[in-house]
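I record below what I looked up.

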2 protein chains.
Amino acid sequence: AASAKIIDGKMVAKEIRDEITTEVSRMKDAIGVVPGLAVMLIGERKDSATYVRNKKKACESVGINSFEVRLPEDSAETEVLKFISDFNDDPAVHGILVQLPLPKHMNEQNILNAVSIEKDVDGFHPLNIGRLAMRGREPSFVPCTPKGCIELLHRYGFQIKGKKAVVIGRSNIVGMPAALLLQREDATVTIVHSRTQNPEQIVKEADIVISAVGQPDMVRGTWLKPGAVVIDVGINPVEDATCPRGYRLVGDVCYEEARKVVSAITPVPGGVGPMTIAMLLSNTLTSAKRIHNFQ
Amino acid sequence: AASAKIIDGKMVAKEIRDEITTEVSRMKDAIGVVPGLAVMLIGERKDSATYVRNKKKACESVGINSFEVRLPEDSAETEVLKFISDFNDDPAVHGILVQLPLPKHMNEQNILNAVSIEKDVDGFHPLNIGRLAMRGREPSFVPCTPKGCIELLHRYGFQIKGKKAVVIGRSNIVGMPAALLLQREDATVTIVHSRTQNPEQIVKEADIVISAVGQPDMVRGTWLKPGAVVIDVGINPVEDATCPRGYRLVGDVCYEEARKVVSAITPVPGGVGPMTIAMLLSNTLTSAKRIHNFQ
Ligand SMILES: NC(=O)C1=CN([C@@H]2O[C@H](COP(=O)(O)OP(=O)(O)OC[C@H]3O[C@@H](n4cnc5c(N)ncnc54)[C@H](OP(=O)(O)O)[C@@H]3O)[C@@H](O)[C@H]2O)C=CC1
Ligand SMILES: NC(=O)C1=CN([C@@H]2O[C@H](COP(=O)(O)OP(=O)(O)OC[C@H]3O[C@@H](n4cnc5c(N)ncnc54)[C@H](OP(=O)(O)O)[C@@H]3O)[C@@H](O)[C@H]2O)C=CC1
């Protein structure tokens with residue numbers, strides 16, 4: 001039986017980190033500026049702490065400065081806003097990232113809106129999303145995970161223009177911006193969500209599928225068009241007693257079935273995951289270059 | 001043969017204008033405030049002049065104050081910006097509209113961005129579009145033409161949730177925001193554009209079609225699913241020697257063919273056209289209510 005090409009996000013992310021390392025040192029040599037990323041973690045969530053640690057490590061690996069602020073769960077919103085305002089004004093900081101989710105007593109919109117649009121490397125500001133949606137406008141930053149999906153398609157040379165693309169999921173941070181990006185590249189895009197009827201029929205038409213749902217193995221082999229290209233954003237823990245931690249991670253797409261049908265697919269883990277952090281580094285570099293007018 | 005229900009935009013627009021008239025006088029009686037719309041026309045384009053005149057007349061018909069500024073074609077951009085800035089500060093003005101297209105020497109982005117987001121009744125500001133795209137956010141204003149399309153579906157009681165919808169065209173002012181609105185109402189949306197392959201196959205799947213292309217009679221009867229609902233935004237002049245002006249207006253959808261296939265359709269003219277101005281009045285009223293905290 002035919003077997004799909006595996007889209008190796010880990011390898012591509014490494015490639016991109018190497019490119020960023022080169023650029024960071026070129027910038028430092030030329031104008032003495034090192035890009036800086038500020039990361040704020042509020043509260044004690046273990047998963048959030050892990051993400052923040054990984055981001056910090058990734059910064060180090062490419063020579064980007066990282067600044068970390070950790071605040072206790074019961075901090076006041078005004079305290080968080082004060083730090084953001086200081087980072088907005090700090091010339092050593094070119095990107096500001098507030099790790100989500102925030103403690104329940106805080107207003108996410110207030111906090112995210114406080115981040116200067118010039119330093120919003122997550123690209124979640126509505127002004128950025130508006131520009132992403134509009135023809136003839138350019139967002140300052142593209143959200144990292146969807147940008148990583150498109151970057152994988154580019155680096156593997158898959159054509160987007162004129163193709164039928166289906167995005168499953170429409171969240172503000174993945175599905176919706178992924179659809180806008182595909183649209184900008186002239187795909188014909190359909191968004192499938194929880195209210196969609198007969199999603200399998202719609203997905204079956206797609207040359208390109210990006211899935212960001214959060215349901216383990218939801219997309220079966222029979223849902224996929226032979227020869228399609230699949231980008232699986234989902235990261236879903238499923239119980240597995242044979243694994244050291246008692247669970248393993250799977251995507252939204254049933255990998256074993258899909259690889260017999262499609263022409264290319266991202267694995268989980270090792271697909272989109274590593275790309276997200278690489279894109280964060282890329283956005284931080286872009287920001288520093290823009291602020292210092294360095295080409 | 002079956003024949004489609006005609007979606008009477010002229011009638012619905014009249015209904016909406018009557019509702020607005022009532023609200024405007026209730027507001028005036030209660031707090032002594034009359035909503036005001038400022039319209040700027042730069043240059044001598046005849047079609048633009050007609051649109052501006054119609055907007056002014058529509059304001060009068062519902063009791064909304066209108067303020068008109070006409071500037072010559074060769075005005076400086078700074079002059080236009082000065083008027084916008086004055087309108088931004090003027091408490092009698094609740095909506096500001098700059099008639100497009102602008103003279104070539106002006107920067108459309110600069111000028112549209114100068115309109116205060118609180119008075120951007122056209123809803124074209126990227127911040128508005130971003131909020132429209134994002135779940136959990138509310139735009140201050142929804143662009144008038146797409147809002148009119150959805151309003152027609154609502155007033156005629158057509159269900160949107162769970163339906164397959166196709167929007168043909170993806171302009172910033174009609175197609176793209178129409179798709180975002182349908183998406184917000186839980187339709188499964190596909191956007192068809194000039195790079196789409198086999199558009200007829202995609203359109204044929206749709207329960208709801210909104211067409212905003214600008215190509216006379218492009219969508220044939222054979223493209224449409226029996227029973228579909230069609231909103232035709234296109235307004236296209238075609239030569240016709242039997243008409244007094246030598247031309248008549250047709251939509252993007254071949255009306256004579258479509259009405260034998262679909263369950264409901266808007267005529268051109270008399271469909272979406274009158275709704276656009278009604279939505280402009282509605283946005284202006286909403287703005288005045290919001291600024292004066294009047295419910
Ligand atoms: N690789 C990476 O770096 C990242 C991975 N992720 C992973 O991606 C996945 C999605 O994340 P996120 O976008 O934040 O998730 P959200 O929960 O915010 O959004 C999920 C989306 O999927 C839709 N959905 C849910 N159930 C179904 C269904 N049965 N059929 C069709 N659509 C459905 C929802 O529809 P509706 O809108 O109607 O509710 C919603 O739009 C998760 O597994 C997450 O862990 C997320 C971010 C980064
Ligand atoms: N009723 C009303 O009040 C209003 C009516 N209109 C009318 O609506 C129509 C569209 O207006 P507007 O949105 O401003 O137009 P634009 O010219 O800005 O956009 C047209 C869109 O149609 C797409 N398109 C062009 N040709 C084809 C084709 N052959 N197949 C599929 N898609 C195609 C274009 O695709 P691509 O992006 O790939 O170029 C583009 O996205 C016009 O007739 C206009 O007069 C407009 C505003 C208000």
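The entries that follow begin with conventions and then turn to the ligands and the salt bridges.

**Conventions.** I worked from a predicted model, in which local features need pLDDT of at least 70 and side-chain atom pairs count only at pLDDT 80 or more, while totals for chains, interfaces and linings use all residues. Residues are numbered from 1 along each chain as its sequence is written, chains are lettered from A and ligands numbered from 1 in the order in which they are written, and side-chain values use heavy atoms, with hydrogens and water left out.

**Ligand 1.** I looked up the position of ligand 1 and found that it lies between chains A and B. I listed 21 residues around it, taking a residue as near if one of its heavy atoms lies within 4 Å. The closest are A:R170, A:S171, A:S194, A:T276 and B:R135. By class I noted 8 nonpolar, 11 polar and 2 charged residues in this shell; here Ala, Val, Leu, Ile, Met, Phe, Trp, Tyr, Cys and Pro count as nonpolar, Asp, Glu, Lys and Arg as charged, and the others, Gly among them, as polar. Helix α10 (residues 272–291) of chain A gives the most to the shell, with 3 residues; helices (H or I, at least four residues) and strands (E, at least two) are DSSP runs numbered from the N terminus.

I then checked polar contacts, meaning pairs of N or O atoms within 3.5 Å; within protein, one must be able to donate a hydrogen and the other to accept it, and residues adjacent in sequence count only if both atoms are side-chain atoms. An oxygen atom of ligand 1 is 2.5 Å from a polar side-chain atom of A:S171, and for A:T276 the corresponding distance is 2.8 Å. A polar backbone atom of A:V233 lies 3.5 Å from an oxygen atom of ligand 1. Ligand 1 taken alone exposes 930 Å², of which the protein buries 70% (Shrake-Rupley method, 1.4 Å probe; for residues, only the protein chains shown count as cover).

**Salt bridges.** I searched the whole structure and found 34 salt bridges over all chains (a side-chain nitrogen of Lys or Arg within 4 Å of a carboxyl oxygen of Asp or Glu). One of them joins A:K56 and A:E68 at 3.2 Å, N to O. A:K56 lies in helix α2 and A:E68 in strand β3 of chain A, so the pair ties together parts that are 12 residues apart in sequence. I recorded A:K56 as partly exposed at 32% relative accessible area (buried is under 20%, exposed over 50%, partly exposed in between; 1.4 Å probe, protein chains only). A:E68 is partly exposed at 27%.
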